[in-house]
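Subject: Structure handover

Hi,

Here is the structure I promised to pass on. Have a look at it first, and then read my notes below.

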Amino acid sequence: MKKLLLLPTIILSAVLFFVSCSKEDSPSTPEKEGPSILSFTPLFGEVGETIWITGKNFGSTSSANTVKIGSVVAPISSSSTTEIFVTVPEGAVSGAISVTVDGETDTAGGFTVMESLPENSISLNKNTLELFTLDSETLIPTIVGTATAADIEWTSKDEAIAIVDENGKVTGVAEGSVIITADLGNDAYVECMIKVNPSVFISGREDNGNDDIAMIWKNGTPINLTDGSAAAQANSIFVNGTDIYVAGQEIEGSKEVAKLWKNGQVLYNLTDGTENAYAYSVVANNTDVYVAGREANNESFNTFSKIWKNGQLLYNLTDGSKISAVYSLFLNNTDIYAAGFERNENGMDIAKLWKNGVVTNITDGSNSAKAYSVYVDGNDVYVAGNEETENGATAKIWKNGVPLYNLTDGSTYSYAISLVVKGTDVYAAGAEGNALFVWKNGQILYNLTDGTNPAIANSIFINGTDIYVAGYEESVNAIDTAKMWKNGVATNLSDGVTPARAFSVFVK
């Protein structure tokens, strides 16, 4: 079986986006505020219609809220502190919407209970729809009157969350809630509330018994990028709008060809197959897609570290005279940062950072060191990697070229392979020996594994308050199992029967 040539068990992806929050201490306990209605939709409907109410300070459970249409209590189908869904009950008459919590009531607007649909009216098969990002479902309209489906104007109130086409096909774009409207004109319209949940995308590989298949898992479901006829691997994944980009390599003939896939199809062969080549990291912005990797120089161990833009070579980061690699990209406005290493004349690896193709040495070459991940926050540039010691290597984070944290003591081989910055907090994933960790501000946040079995943590991503890590762990049968950890809790992506590895995670 022909296998891919790999770096020593280390492949990663590092381009991440986050939202920070703050907490203020209060000198005294404020009085509890009553419920507040911000909006509700639709404004009219028949018995059985679902009404979506948004606001704040609602009860966290259905039983904690009382909702009325006029004077008639409406049954609650689900609720949270910011959203309530009720059904228009039998016997309801037109009136204001009110929400009562702990004896406090807020009232808003008026809902019109319709006895029958007017001429050229429209209804949908669903009033609410729940999707994952990049999943789709088509809403089915029913029209009373002479109008047809071709007369419907479909609109989304926020296309950053969900889009809809001319046939009512709704596609989730990003986490959130949004209203989709089907409008026939002359006040004949109907609305559907769309709730979009985030999807978890992970790239990797799995052995099919013949060779490794490059693949992704979407919410745990595997999707093959290659057919298994030749060894392939998906090293990095990035989601831009509704497009899924994956960087990796596949053997063609006798050589590994660096590749970029878009939505499951090969978008570019980045190299021509003359020499072995690997694509390690991908980022995208609008219509531009950047990939970092390396290509062998004349079948030697020496390599060119490269960045491609839209399938064309943008930068040769190294001249091919030494061993080198670039593992991670980060796009900050118009600047593109890359992290990796290059070996010097004394055989020492020097951790390096490139900005728009211009290199800065992070280490001085007195000890071998590698940079595996780069993250830019404002004017600050963070790099994760390791530096060798007499007995192993220390997992490290540098900030603006200066050591920020030694995550381990260097008594065994350790590394920090992927990092993210959220507000003032710096997170990293990596290992000390066989044990995998997530660190926060230099301290262990999660022990992902106990070190009993060999394991690798390749990529970290933060979505809201959730921390995701992709990697793999060897089973007692010495078979690699692809894994995802969410807030320190592991989920197996593969069954442990055939070898599989997860290299990169992206949540959208």
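Before the rings, a quick definition: rings of Phe, Tyr and Trp (its six-membered ring) pair if their centres lie within 6.5 Å, and planes under 30 degrees apart count as stacked. By that rule the structure holds 11 aromatic pairs. One of them is Y278 with Y280, a stacked pair with 6.1 Å centre to centre and 5 degrees between the planes.

Please keep in mind that this is a predicted model. The mean pLDDT of the protein chain is 91, with 93% of its residues at 70 or more. Residues 1-29 are a stretch to read with that in mind: the pLDDT there is below 50, although the stretch has 95 contacts in the model beyond near neighbours in sequence.

**The ring cluster**

Are they buried or exposed? Y278 has a relative accessible area of 9% and so is buried, the cut-off being under 20%. Y280 is at 2% relative accessibility, so Y280 counts as buried too. Both belong to a cluster in which ring pairs link Y278, Y280, Y327, F341 and Y372. What lies over the face of F341? That is K370, at 4.6 Å from the ring centre.

K440 stands opposite Q443 in β41.

The other sheet is open as well, with 5 strands in the order β2-β9-β8-β4-β5, and here the pairing is mixed. Its edge strands are β2 (44-45) and β5 (72-73), each of which pairs on one side only. Strand β4 (residues 66-69) runs antiparallel to β5, and 2 bridges join them. Look for I69, which stands opposite V72 in β5.

Finally, two residues I looked at one by one.

S121 is found in strand β10 (residues 121-124). With 4% relative accessibility, S121 counts as buried. What is S121 in contact with, leaving aside its neighbours within four places in sequence? The residues are T142, I143, V144, L184 and A188.

G228, on the other hand, is in a loop, the one between β21 (221-224) and β22 (232-240). G228 has a relative accessible area of 3%, so this glycine is buried. Its contacts, again leaving aside neighbours within four places in sequence, are N208, N210, D211 and I213. For a sense of distance, the C-alpha atoms of G228 and A369 are separated by 35 Å, and these two residues are 141 apart along the chain.

Over to you!

Best wishes

Methods
Residues are numbered from 1 along each chain as its sequence is written. This is a predicted model: local features need pLDDT of at least 70, side-chain atom pairs count only at pLDDT 80 or more; totals for chains, interfaces and linings use all residues. Side-chain values use heavy atoms; hydrogens and water are left out. Helices (H or I, at least four residues) and strands (E, at least two) are DSSP runs, numbered from the N terminus. Buried means under 20% relative accessible area, exposed over 50%, partly exposed in between (1.4 Å probe, protein chains only). Contact means heavy atoms within 4.5 Å. Two strands pair if DSSP finds at least two bridges between them. pLDDT is the predictor's confidence in each residue, from 0 to 100. Rings of Phe, Tyr and Trp (its six-membered ring) pair if their centres lie within 6.5 Å; planes under 30 degrees apart count as stacked, over 60 as edge-to-face and the rest as tilted. A charge sits over a ring if NZ of Lys or CZ of Arg is within 6 Å of the ring centre and within 35 degrees of the ring normal.
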